[in-house]
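Student: I have a model open and want to learn how to read it. Can we go through it feature by feature?

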Amino acid sequence: MTFELNHPNFIAWNKRHIAEFGDTGKLSIIPTKKLAIITCMDTRVNPQSMLGLGDGEALTIRNAGGGVTEDVFRTLVVAQRLAGAREIAVFHHTGCGGTMFTNETLQAQIAKETPSAVEEAKKIDFLGFGEAGVEGSVKDDVRRLKASTLLLEETVITGWVYETHSGNIYQVA
């Protein structure tokens, strides 16, 4: 597989960003809406755009599948204790790659492509959605967040699905 490298363009792309930077550097680290969004790394999912949010209004935590992992908990503790987040919204989306694999199928692919990584891959839960599907995985994540004693008691936690084919969102938890 070949592709065109991106990093040689970073400086030029950054100059376009600087031209529109404005007062962004003066924003507080505290999100004005006190909102933290957990979502997938998928390029079709842009939380600020889909919710009409501006710079500085919400924190966004992204990973493969948008799942609530140990690192997401670590990030949420920092978001609450140091950045004032009091509301958490979990957003998963239709057409997510998390519906297309299990630990076993991904580990088999790794074994085929990179045999030296098999043992390391066995130590990772890749958090595919499995039988739960997209809506079920959102509900599971919301339950996990609500059960945690790490989060502040007054935290409002909701769960949503973003439809990548239409741009629509709907609440499931």
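**Reading the fold**

Tutor: Begin with strand 3: six of its seven residues are buried, so this strand is largely enclosed by the rest of the structure. Keep in mind that this is a predicted model.

Student: Which elements does the protein chain have, and in what order do they run from the N terminus?

Tutor: The protein chain has six helices and five strands. From the N terminus on, the order reads α-β-α-β-α-β-α-α-α-β-β.

Student: What are the overall dimensions of the C-alpha trace?

Tutor: Along its principal axes the trace spans about 50 × 45 × 35 Å. The protein chain has 173 residues, and 35% of them count as buried. Its accessible surface comes to about 11,000 Å². Carbon and sulfur atoms hold 55% of that surface.

Student: How do strands pair in a sheet?

Tutor: Strands of a sheet pair through backbone hydrogen bonds, either parallel or antiparallel. Here five strands form an open sheet in the order 2-1-3-4-5, with mixed pairing.

Student: Which strands stand at the edges?

Tutor: Strand 2 (58-63) and strand 5 (169-171) do. Each has a single partner strand, so one side of each is left without a neighbour in the sheet. From one strand to the next, the twist averages 25°.

Student: Which pairs run parallel, and which antiparallel?

Tutor: Take them pair by pair. Strand 1 and strand 3 run parallel, joined by five bridges. One of the residue pairs there is A36 with I88 in strand 3. Strand 3 and strand 4 also run parallel, with seven bridges between them. Strand 4 and strand 5 run antiparallel, and three bridges join them. W160 has Q171 of strand 5 as its bridge partner.

Student: Which strands does helix 3 touch?

Tutor: Helix 3 packs on the sheet and touches strand 1, strand 2 and strand 3. Its direction makes about 170° with that of strand 2.

Student: Now the interior. What do nonpolar side chains tend to do?

Tutor: In soluble globular proteins, they tend to be buried together. In this model the largest nonpolar core has 22 residues. The residues with the most contacts inside it are I38, L76, I88, L145 and L151.

Student: Which elements each supply at least two residues of this core?

Tutor: Strand 1 (35-40), helix 3 (70-81), strand 3 (87-93), helix 6 (133-147) and strand 4 (156-162). Leaving aside its neighbours within four places in sequence, L76 is in contact with A36, I38, I61, I88, L145 and L151. There is also a second, separate core of 10 residues, which includes V45, M50, L53 and A58.

Student: How much of the contact pattern comes from residues 24 or more positions apart?

Tutor: Count the contacts in the protein chain with a separation of 6 or more: residues 24 or more positions apart account for 65% of them.

Student: Is H93 buried or exposed?

Tutor: Buried, because its relative accessibility is 1%, and the cut-off for buried is under 20%. H93 has its place in strand 3 and stands opposite Y162 in strand 4. Beyond its neighbours within four places in sequence, H93 is in contact with C40, D42, R44, V45, V134, Y162 and T164.

Student: C40 is on that list. What is a disulfide, in general?

Tutor: A disulfide is a covalent bond between the sulfur atoms of two cysteines. A search of the whole structure finds zero disulfides. C40 is in none, and its nearest cysteine sulfur, that of C96, is 4.1 Å away. C96 is likewise in no disulfide. The cut-off is within 2.5 Å. C40 counts as buried at 5% relative accessibility, and C96 counts as buried at 2%.

Student: Last, backbone angles. Where is K34 found, and what is its phi?

Tutor: K34 is found in the loop between helix 1 (10-19) and strand 1. Its phi is near 55°, a positive value in a residue other than glycine. K34 is partly exposed, with a relative accessible area of 37%.

Student: And what is the phi of L127?

Tutor: Near 60°, again a positive value in a residue other than glycine. L127 lies in the loop between helix 5 (118-122) and helix 6. At a relative accessible area of 36%, L127 is partly exposed.

Note on methods: Residues are numbered from 1 along each chain as its sequence is written. This is a predicted model: local features need pLDDT of at least 70, side-chain atom pairs count only at pLDDT 80 or more; totals for chains, interfaces and linings use all residues. Side-chain values use heavy atoms; hydrogens and water are left out. Buried means under 20% relative accessible area, exposed over 50%, partly exposed in between (1.4 Å probe, protein chains only). A nonpolar core is a set of buried Ala, Val, Leu, Ile, Met, Phe, Trp, Tyr and Cys residues joined through side-chain atoms within 4.5 Å. Helices (H or I, at least four residues) and strands (E, at least two) are DSSP runs, numbered from the N terminus. Contact means heavy atoms within 4.5 Å. Two strands pair if DSSP finds at least two bridges between them. Axes are lines fitted to C-alpha atoms, for helices over the stretch in contact, and angles run from 0 to 180 degrees between N-to-C directions. Accessible areas come from the Shrake-Rupley method with a 1.4 Å probe; for residues, only the protein chains shown count as cover.
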